[in-house]
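Thanks for coming. I have one structure to go through today, and I will keep it short. Please have a look at it first.

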Amino acid sequence: MDKFYGSIAIIGRPNAGKSSLFNRFCKQRIAITSEIAGTTRDVKKATISLQNLPFLLLDTGGLESKDTLFQNVSKHSLQTGENADLILYLVDGKTAPQAIDKEIFYSLERKNPNIFLVVNKIDNDREKQNAWEFMEFGAKQMFFVSVSHNRGILELENAILSALKNDALEQFFNQETQEDLEEGLEFLQEDCEDSTQQAQEELINIGIIGRVNVGKSSLLNALLRGERAIVSPIAGTTIDPVDEKGEIKGQLVNFVDTAGIRKRSKIEGLEKFALQRTREVLGRTDIALLVLDASAPFVELDEKIAGLIDEYKLGVIVVLNKWDIAHKDFKGILEDFKLRFKFLEYAPILTISAKNGRHIQKLEEEILKVYRNFAFRIPTAKLNAILKEATKHHPLPSDHGKIVKIYYATQFEIKPPQIALIMNRPKSLHFSYKRYLVNFLREHFDFSGTRILFIARGKNDFEEEES
């Protein structure tokens with residue numbers, strides 16, 4: 001994206017935890033973290049999403065001073081902070097407040113008043129009590145966090161969202177006509193105009209997930225038409241996820257055969273690490289192939305694994321493997337599936353046999369289809385026409401006698417499709433009506449295999465609605 005709701009610069013002296021905070025916001029290891037001072041030397045940039053809004057995050061090199069305050073201090077880091085919309089000045093909470101930190105903080109604050117003091121490495125309440133010494137900085141906003149333990153991060157994210165209200169959005173909130181509203185939101189749709197075409201040129205990352213011995217490695221071999229993954233009846237043969245690139249009708253794809261997931265009580269040693277790696281893989285996955293064993297009844301662990309798809313907001317195809325030895329007919333297994341996996345009602349279901357190649361070509365076609373849906377953007381005019389029709393058929397319920405309106409809608413993101421609803425009372429959008437809108441959209445567009453996320457937006461508040 002070229003447009004952001006704001007830029008956030010992480011500033012601080014060496015070893016305060018800047019790169020760790022950067023990685024935490026990015027939800028993946030991008031910056032290298034180390035106890036060696038000076039590991040980060042250049043400004044690293046990443047697009048992050050906070051409640052589905054895009055922000056530019058900047059990780060700067062550590063600020064150092066030896067003989068005088070700004071001798072050997074990275075001018076680039078300071079300039080980055082001065083030009084950012086918001087500065088997160090990070091200090092090490094395990095040490096007493098340092099005079100040099102206060103001097104740098106005051107210097108930055110004079111040039112950019114939008115600055116938070118973030119006291120890191122506060123792992124428990126006792127340490128938090130001791131950390132109140134940092135009140136002497138006089139910071140308008142101060143936060144106690146532990147990046148390594150994910151403590152206080154959500155509060156910090158909410159404060160960032162509150163501080164970085166986009167001026168372009170604020171302007172159209174005060175306008176009354178739909179024409180003005182459309183003009184005010186024009187920048188949101190520009191970023192997605194070529195998104196579908198770009199998506200077709202990208203590498204599709206496909207995660208193969210499921211419990212042990214459901215046939216994930218056999219499925220990978222069938223899709224790649226070769227023995228690329230070790231297949232064994234011994235549970236847990238696959239430890240590290242295996243990346244294998246291939247093509248489907250000219251489209252580049254990357255298959256990831258994740259380690260089999262077993263019950264937590266049975267996870268030991270390398271398999272515990274494998275579960276952690278599986279979650280990391282899903283963070284960079286577009287489409288998940290949920291492999292279920294059709295030769296035996298579904299179990300609770302199948303549901304827990306399927307929940308990861310919802311957590312990571314992935315496109316999904318349900319693969320009923322070992323269909324050649326299925327324990328029930330399709331109607332019976334489908335009834336069982338609907339009972340256990342109601343949250344995947346939008347997912348296409350295929351019966352296959354990885355062992356003998358049954359329906360592998362059909363699965364390949366479905367992967368391309370679901371990815372197109374996952375990366376599809378509804379033209380803004382058409383989207384609003386459909387929503388107008390939906391509200392006409394079923395008007396929005398009032399909020400204790402007060403009228404609730406959707407002024408305008410635009411899809412501002414893909415993978416999965418995310419739609420902003422500009423409303424007079426965003427908190428009054430009931431989940432049942434949201435479900436109605438989702439189903440109404442599905443009647444007009446093929447969104448099989450992908451969720452649809454709604455963002456209800458008002459002038460004074462922001463809340464995320466998901467379907």
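Let me start inside. The largest nonpolar core has 28 residues, and those with the most contacts inside it are Phe25, Phe55, Leu88, Phe116, Leu156 and Ile160. By a nonpolar core I mean a set of buried Ala, Val, Leu, Ile, Met, Phe, Trp, Tyr and Cys residues joined through side-chain atoms within 4.5 Å. Buried is under 20% relative accessible area, exposed is over 50%, and partly exposed is in between, with a 1.4 Å probe and protein chains only.

At least two residues of this core come from each of E1, helix H1 (18-26), E2, strand E3 (53-59), E4, E5 and helix H5 (153-163). H5 gives the largest share, 5 residues. Helices (H or I, at least four residues) and strands (E, at least two) are DSSP runs, numbered from the N terminus. Apart from this core lies another, of 27 residues, including Ile208, Val214, Ile317 and Ile360.

A word on the source. This is a predicted model, where local features need pLDDT of at least 70, side-chain atom pairs count only at pLDDT 80 or more, and totals for chains, interfaces and linings use all residues. Residues are numbered from 1 along each chain as its sequence is written, and side-chain values use heavy atoms, with hydrogens and water left out.

Now the sheet. It is open, with 6 strands in the order E2-E3-E1-E4-E5-E6 and mixed pairing; two strands pair if DSSP finds at least two bridges between them. Strand E2 (44-50) and strand E6 (142-144) are at the edges with a single partner strand each, so one side of each has no neighbour in the sheet.

Strand E4 (residues 86-92) runs parallel to strand E5 (residues 115-120), paired over 6 bridges. Within that pair, leucine 88 stands opposite phenylalanine 116 in E5. Leaving out residues up to four places away in sequence, phenylalanine 116 touches, among others, Leu88, Phe105, Phe143, Leu156 and Ile160; contact means heavy atoms within 4.5 Å.

Last, some backbone details. Which peptide bond is cis? The one from lysine 415 to proline 416, with omega near 0°. Proline 416 is in the loop between strand E13 (406-413) and strand E14 (418-423). Lysine 415 has phi near 55°, positive although the residue is not glycine, and is partly exposed at 24% relative accessible area. Histidine 400 also has a positive phi, about 55°. Histidine 400 is in the loop between helix H15 (380-393) and E13, and is exposed, at 80% relative accessibility.
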